[in-house]
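Here is a short note for someone opening this entry for the first time. Please read the points in order, with the structure beside you.

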Amino acid sequence: MKSKKIIQLMALVLSILMIAAFLPACSKTENASSSQEGLDINYGEDVDIDDDEEDYDPTEIVTSTGGSGGNNSTGAVTYETNSKVEQTHEIDENKKKDFLESIPKSLSGKTVKILTWWKPGIAETKKMEYFTEKTGIKIKWVQTDLNVYYQKLSGLKAQKNSPDLACILADAFPTAIMKDYFQPLEVGKLDLSKTNVFDIDSMNKFKWNGKHYGALVKGSTMISFGFMVYNDDMFKNNGVTSPYELWQAGNWNWDTLIEISKKIKEKTGKAALTAEWQGFRLQQTCGIDAVGIKDGKLVNNLSSTAYRDAWKWVNNLDLNGTEKIADFGLNRTGFFEQKCAMAVEENWAMQKGERYDNLKFSWGYVPLPCPKGSAQVIPSDAKLWGFPVGSKNVEAASYVLEYWQNPIYDVKGYETWTNDSVAKFNDWLWEQNKTFKVAEGIVNYGGDYDYYTNFVGDIALNGAANVDTYVDKWSKVIDANIKKIYDEFG
Amino acid sequence: MKFKVGILTTAVAVGLSAVVLSTTAGSSFDATKLLSFKQVAQLTAAKGTNIFEYNGVNYNNEYERLLAKDGFIYGMDMNWFGSFAQNTVSLGNNNLSGMASVFDPAKFEKDLWNIKALGFNAVNVWMFQDGVGGLLFDDEGLVTGLDNNFLTNTKKMLEIARKIGVDIVPSIQPHGKSHFFYQGLNGESPNEIGYKYLRYYWDDEGRQAYLNNAVKPLCKLLADYQDVLPIIDLTVENGTNMINDMETGMFYAAEYGSLTWENFVSFVNDLNAEVKAQMPNVMTSVEDVAWSNNSFKYNDVDVDLIGRNGYDNQGKVVDPKELFVEKPVYLGEFNTFEGDDNRSEELKTAARLAFYPNAVEKGYVGGFFFQWDRAEGAELGMFTSATSDNIEALKDFAIPLANTIRDLKYAYNKETVIVDKPTMLYYSAGSTIYFIGSRDVESYTLERKTNGGKWEAVLKNIDPDNDTLVNGIVKCVDTTATGGNTYSYRAVAYNSDGDYSISDPSNEEEFFVPEEMLKDASFEEGEIDVGGWYTLGSDQYPFAAYTNETSRTGDYCLYVNWAEGAGKIGTGNAQWASQWAKDATGLTPGVRYELSYWYKDAVRGDGSLSITVRNKNNANLCWNTIATTEEDDHEWKKAKAQFIAPSDGEVKVVLMGSSTYDLSIKCYLDDFSIKEVR
């Protein structure tokens, strides 16, 4: 048993590293030259990157293998027709033209440096080449590894070569701001009154000392959303109500997840559910992260009963728990290999050229279920983009940021998402209430990236009966680190 | 203040800096080509210029010349060589423990070059380690002379310092007895060693023997190198643990050591007299171990300067005025709190960068960062590793600290600098060249001089953003360098307005072509056990075989096929299984080598082929899996990992299949290699 836990923890570590490394890193890469090519595959929905937008038929998503939509837990949204998605982010050539023409000609010739942890893919490159062609503003990608991202930023700042745009990652808030790596957004020319572009509600949650330091552009990949994918064939073939059907019916919650999982397990003999990060995203559906921000201050939430109960629920889903429906060691690969019916997924994997372009089975997706009777929340990680201290081209960077991240300015044929249905689901996710992960940067503060992995591992891998013990242990770490942060940079 | 900058009337030499420093950019170290202090003095006396001349002004000593030049002693504590805990730390042998000195002139030269490149102008080195290192004793514990190794190494050290152009601050008497970790060769306990051999602290007979047989010959040697000796420090931290005087409040809670303040003062005064007898112009100091309330007591000790420790997590230094001291003060050591790893690196960096500006503002004359490299632990050193052999391991604060020194020197010299002058780091004779870049620049050009010819550009448009390591060092690879040629390099930095600045040249070295240490590792024998590969341990789950289906070079390569579920034991997950190995011998101990190999068509899930280099005890020296690729050769890709050769120079490459789940790995491998890297 212990060895399995160790291996699960290793898998968790690997998963975290892979997630971190690939998050936007694999985004917008050249389309679908999958390693599955040439195999005997029952392909999912074809993605024809040359298709005109008019060819898109939203009704396909219900009957095809390409995904699904549905109501949220309140039953308010009929997703297929987008009737309740307030804002979609389809490519809009007119808006693109208007935006590019609004950029001051005086900025032509400026170079905007963007510090990334991935090599820009062809879609990103083409999009920004077009931007340069129309505005004269050049883009310079400065690439480093994720695990040394802030070392690189610090080094560039020290050499007076600061980039003009850099990211405040989930594990670096608020310390990246406190360490004087970023300037308030007000130094730039972002028009934050454009609420159709910027997710101000989410940005407000990351205000520091009353100021915004990072922007979130709606429809972009810069929030990682947790949601559920499922093997539609497996549900249909076994006559079990699918998550989508439950969602449509407004009956998708923790309890119904367990009900259908038990049925699937009984019918197939397989685990019903898996997840990366040991089901971490499932815990977030309670709406509470280990660390919150209240009145601009970091707050330890580990005394919350709801938080602890969520982890106990997750522990009990495990094959070693009371419900015995989830094998968190299978991970995404296990789902792809049809070793389980459902997997907790993140939206980055749905980008074109990523993991879901070609699967062997029909699949769908729904938000993660929340506790019965509670409002829908979406587990989220924010990647806020802002202006580093020392940036020389903040004004130009402001226009670059908005253009770069807004999917309505994508280049046709190089859209962000694997298909239009997924794009709209992503739009829908952006409009929901979100539970942001803040704890990672606090747990890891002044120490090792593995600390957060250990934190999740301790609480997720030791059974419901031990959740309180481990939460109490880590609560002391969080208290100490919050104090340390304020002592050092407060 | 007794020691004012002035003109020395007994001028002795001319153009010392030109004579001595002309070797800076020369070929490899050759002590026979250098001139001693006296030789220089004799040769240049006729020209009527002072050996301590700077910018047309003659000074009394190197201390004054250095302060006139840079305004401050930007010091680096090297202190000891080797491992402190293992007592391999002295310039000389420890004749009580039997431990030999590990002083390495080549490493010292490289270190000193890089220390200078970072902006430091002096290094502190301890002489009689623990009060006994390098000394010879009789049966009564009386000093009878200096160990030959000590004299030779000290001379080499000073010659190298003169060659590189960095000053040395020798500390004659480091902590006495505070760091004895060993039994004496005759079975003496640490305390017995202390009471027997450190008697010169409190005993007249012992003192006289120490002064006559150790200090006097040392000073005779040092006297020839006064041009690189700004300060001779008499004690480090007062010979920690030696004073235990309730009257003065100066005491350590150690189980040994009971010197009175009176004993200590007389010891320092005697040391000072011996130094001044042979070098009347040289400045002397003691380190007071930061007894803040008692610093004023050193006003009455016969030294010129006081060194104080400055450990503070905000980089603050005490105002000397608050100490009521009447002598110039420098920071004998500074850093954030020793052993404190519970603070973020950013906070430590902020503190480390604050010390020098604060010390300059408060009127200190210098400060020594503790420390360059540290075999006992990397938390306080300049490197993330325990040693300085890999410049890429320089910590992130180092370049910002170098920039701080740059700015302080600019301010002192009232210079307005548009483009910082890049600074070449030590050229190790390989293809990789490192330099400290300039701030706010757009590009660099790397220029090379071949066999003493003209400067030629070998790399243009080096990107200060993408070609700079995360620690701020600029890294270039000259792929056109070839064996049989001697090279030196320099960098040119350009800003966006076209302004530029050219670095001084690097050291000049003959290009090093490394020998292949892993012989016949291309699988051309066609079968295992013929060409030196052998199975290691269990062969229960064979996973590799020679094949001629493909190869990168020759006819054969190795085909690895770790099947799904292979090695699975019972219902558990797969275990480490079969291993293949091949030996390599004759590696130079302590030298960095690189394992490389080529792979093709690697298909894997979470299964992995572990490829390691181990010592003969099967401990991993480096670990690699098919993961990193920096070079492509069509469909073949190259993976590599570096390691330090063990003391016996014997290693083995081990291939080992492993998978954590039911996953497989398939690939072809070819052309394994182990070569020294520079």
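1. Helices (H or I, at least four residues) and strands (E, at least two) are DSSP runs, numbered from the N terminus. In chain B, Asp130 (B:Asp130) sits in the loop that links strand E4 (122-126) to strand E5 (135-137). B:Asp130 is buried, with a relative accessible area of 2%, where buried means under 20%, exposed over 50% and partly exposed in between (1.4 Å probe, protein chains only). Its C-alpha atom is 5.5 Å from that of B:His175, although 45 residues separate the two along the chain.

2. The model is predicted: local features need pLDDT of at least 70, side-chain atom pairs count only at pLDDT 80 or more, and totals for chains, interfaces and linings use all residues. Residues are numbered from 1 along each chain as its sequence is written, chains are lettered from A and ligands numbered from 1 in the order in which they are written, and side-chain values use heavy atoms, with hydrogens and water left out.

3. Between the two chains, 28 residues of chain A are in contact with 23 residues of chain B, contact meaning heavy atoms within 4.5 Å.

4. Five salt bridges are counted between chain A and chain B, each a side-chain nitrogen of Lys or Arg within 4 Å of a carboxyl oxygen of Asp or Glu. One of them joins the side chains of A:Lys140 and B:Asp463 at 2.6 Å, N to O.

5. On the side of chain A that touches chain B, helix H1 (2-22), strand E2 (138-143), helix H5 (149-158) and helix H18 (467-489) each supply at least two residues. H5(A) gives the largest share, five residues.
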